[in-house]
Amino acid sequence: MSSAASNAVSNAVSIASQVSNYLPGNPVTREFEAIAHIASAGPGLSWKIYSGFKKSNQQDVSLFVFEKRSLDRWDRQHRELLLEQLRKGIAQLTRLRHPQILTVQHPLEESRDSLAFATEPVLGSLANVLGSGCHNLPMPMPSALQGYKLEDVEIKYGFIQVCEGLQFLHESVKAVHCSISLDTVVVSQQGAWKLFGFDFCLSNSAPPDAQPLWQFPEYRPSLPSPCLPPLEYLAPECITDSHQVKPSADMYSVGVLVTAVFNSGKPYTAHKGDLEGYKRAWKELERVSGHQLVGVPEGLREEVRKLLHPNPQSRPTAQRFGQTGYFSDISVKTLSYLDQLFQWDNMQKSQFYKGLPQLIPQLPHRVALLRVVPALVQESVNASMVPFILPVVLLVAERATDEEFVKHILPHLKPIMKITDPVQVTIFTRVIFLCGQG
C-alpha cells in the first residue's frame with residue numbers, strides 16, 4: 001500500500017474512532033451515521049453540527065448534537081432548566097413546516113449523555129459563516145467555512161427568506177420567535193437562510209376568538225446566560241413591558257441582525273454591556289442616525305432605523321420589510337422565481353428557462369452552482385423541459401472546476417442521460433467534452 005493510501009486509511013480510522021464518541025448511546029445512531037463535526041448553531045451556539053447520512057438510503061443529513069457534559073458548570077436546577085428549554089425549542093421546530101424554517105428529518109432523541117436530532121444538510125449558522133461565532137466549532141475550521149464570503153445576492157435574498165419565515169410564524173402560527181440572531185439563522189448547503197433556535201418562542205395564549213396575546217417571561221439576569229435570549233438582539237419591550245410583546249419584537253431583532261451581517265458579525269448594540277447599559281441605549285434608539293449604522297448600505301438604512309425604533313408600532317412588518325426596494329434586483333428575482341417553479345405551468349417555465357442563459361453570467365458562480373442547478377434538475381422528471389434546462393446546466397458547468405463538476409453537476413446529468421430522447425445524444429457528447437477538458 002502506498003504512503004498516501006496508508007495515510008488516508010489511517011485518517012479514516014481516526015475519524016471513525018472520533019465519530020463513535022459523538023453520540024454514545026443516543027438512539028439517533030440507529031438510523032443515522034455521523035461523519036464529521038462541521039459547525040454549530042442555536043442560542044449561544046449550543047448545538048454541535050455534524051455532517052452525516054441516513055443508513056437506509058444514504059441520504060445526506062446534518063446531525064445536531066448537544067452534549068450534556070457542557071452543563072457541568074451549572075447547578076442541577078439550572079441544568080434541568082436549560083435541558084427543558086432545548087427540548088421545547090426542538091419540539092416546536094419539529095412541528096413547523098415551511099421552506100424558510102429548518103426541516104427536521106428525525107425528531108429529538110435523548111440519551112444519558114446527549115440530545116440529538118437530524119435535519120436537512122446545512123453549512124452552519126450565520127455566526128459561523130461570518131466568522132463571528134466560533135463556539136462549538138471544530139479546530140481547525142472546516143474548509144467549507146474558511147474564507148467563506150456571503151455574496152450580495154445571498155444577503156439580499158437571505159433577508160427576504162428570513163422575513164418569509166417570520167411572516168409565516170407571525171400570521172399563520174401566531175407565534176413570536178424572540179431569539180432571532182446570527183446564532184439562530186442557519187445556512188443550508190445550497191445557501192438558503194432558515195430559521196432555527198425556537199427555545200424562547202412564545203405561543204399565542206389568548207382564547208380562539210380573541211386578539212393574540214404573547215407574554216414574555218421576566219428577564220432574570222441571575223440565570224446562566226444560556227437560559228436567556230441574547231440581550232443585544234432583544235427588543236426593549238421584552239424587558240420594559242413584557243405584557244405587550246408582539247411580532248414587532250422579532251422585527252427589532254431583524255434590524256439588529258442586519259447591522260451584524262453588514263458589520264462582520266458585530267451587531268449595532270454589541271457594545272452596550274449589561275442590562276442597565278442596554279436600558280440606557282434603548283432610550284437613544286429614536287435618535288439613531290444613518291452614520292451610526294456601520295456598513296449598512298445606504299438604501300437600507302432608513303428601513304433599519306425603523307426596525308430599531310423603540311416604539312413597536314413604528315417598525316415594519318416582516319412582509320413589508322421583505323418588500324423593501326433594496327432587496328429587489330434581477331439576481332434576487334431569479335432566485336425567487338426558481339423557488340416558485342413548482343407553481344408554474346410548462347409554458348411559463350419554458351419562457352423563464354429561455355431567459356436564464358443571459359442571467360447566469362450575472363450570478364456569482366457559487367450561487368449558480370448550488371442554487372440554480374439543483375432547482376433546474378428537479379424539473380428533469382418532466383422530459384419536455386429537459387431541452388430548456390440542459391443549456392443552462394451546461395453553461396454553469398463551463399465555469400465549474402473538475403471537482404465541482406463531478407460533485408455538483410455530473411450526478412444530476414446521469415439520470416437525464418437515461419431518458420430515451422434524441423436530446424440525450426447531445427448531452428452525452430457534451431459531458432464527454434467537458435470531462436475531457438480536465
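Me: How many bridges join strand 8 to strand 9, and which way do the two run?

Reply: This is a predicted model, and in it strand 8 (residues 185–188) is joined to strand 9 by three bridges, with the two strands running antiparallel. Within that pairing, Val 187 has Trp 193 in strand 9 as its bridge partner.

Me: Which sheet has the order 6-8-9, and how many strands does it have?

Reply: It is an open sheet of three strands in the order 6-8-9, and the pairing is antiparallel. Strand 6 (122–125) and strand 9 (193–195) are the edge strands, each pairing on one side only, and from one strand to the next the twist averages 35°.

Me: OK, other strands now. What does strand 3 pair with in the antiparallel sense over six bridges?

Reply: That partner is strand 5 (residues 114–119), which pairs with strand 3 in the antiparallel sense over six bridges, and there Phe 66 has Leu 115 in strand 5 as its bridge partner. Strand 2 (residues 47–54) is also joined to strand 3 by six bridges, and those two run antiparallel, with Gly 52 standing opposite Val 61 in strand 3.

Me: And what lies between strand 2 and strand 3?

Reply: The two strands form a hairpin with five residues between them, and Gln 58 in the turn has a positive phi of about 65°.

Me: Is strand 3 mostly covered or mostly open?

Reply: Strand 3 (residues 60–67) is mostly covered, since seven of its eight residues are buried. For the whole protein chain, buried residues make up 52% of the 438 residues.

Me: Switching to helices: at what angle do helix 12 and helix 13 pack?

Reply: Helix 12 (residues 365–377) and helix 13 (residues 386–398) pack at an angle of about 155°, and their axes are 10 Å apart. Angles over 145 degrees count as roughly antiparallel, so helix 12 is roughly antiparallel to helix 13. Their crossing is left-handed.

Me: Which residues meet there?

Reply: From helix 12 there are His 365, Ala 368, Leu 369, Val 372, Val 373 and Leu 376, which meet Ile 389, Val 392, Val 393 and Val 396 in helix 13. The residues of this contact divide into nine nonpolar, one polar and no charged.

Me: What about helix 4 and helix 10, how do they pack?

Reply: Helix 4 (residues 152–173) packs with helix 10 (residues 330–339) at an angle of about 50°, with the axes 9 Å apart, which makes helix 4 oblique to helix 10. Helix 4 passes helix 10 in a right-handed crossing. On the helix 4 side Val 153, Lys 156, Tyr 157, Ile 160 and Gln 161 take part, and they meet Ser 331, Val 332, Leu 335, Ser 336 and Asp 339 in helix 10. This contact divides into five nonpolar, three polar and two charged residues.

Me: One last residue. Where does Ile 101 lie, and is Ile 101 buried or exposed?

Reply: Ile 101 lies in the loop between helix 2 (76–95) and strand 4 (104–110), and Ile 101 is buried, with a relative accessible area of 1%. Not counting residues up to four places away in sequence, Ile 101 touches Leu 93, Leu 96, Glu 120, Phe 168, Lys 194, Leu 195 and Phe 198. As for Phe 168, Ile 101 is 67 residues from it in sequence and 9.5 Å from it in space, C-alpha to C-alpha.

Notes: Residues are numbered from 1 along each chain as its sequence is written. This is a predicted model: local features need pLDDT of at least 70, side-chain atom pairs count only at pLDDT 80 or more; totals for chains, interfaces and linings use all residues. Side-chain values use heavy atoms; hydrogens and water are left out. Axes are lines fitted to C-alpha atoms, for helices over the stretch in contact, and angles run from 0 to 180 degrees between N-to-C directions. Helices (H or I, at least four residues) and strands (E, at least two) are DSSP runs, numbered from the N terminus. Angles under 35 degrees count as roughly parallel, over 145 as roughly antiparallel, 65 to 115 as roughly perpendicular and the rest as oblique. A crossing is left-handed if the near helix is turned anticlockwise from the far one by less than a right angle, and right-handed if clockwise. Contact means heavy atoms within 4.5 Å. Ala, Val, Leu, Ile, Met, Phe, Trp, Tyr, Cys and Pro count as nonpolar, Asp, Glu, Lys and Arg as charged, and the others, Gly among them, as polar. Buried means under 20% relative accessible area, exposed over 50%, partly exposed in between (1.4 Å probe, protein chains only). Two strands pair if DSSP finds at least two bridges between them.
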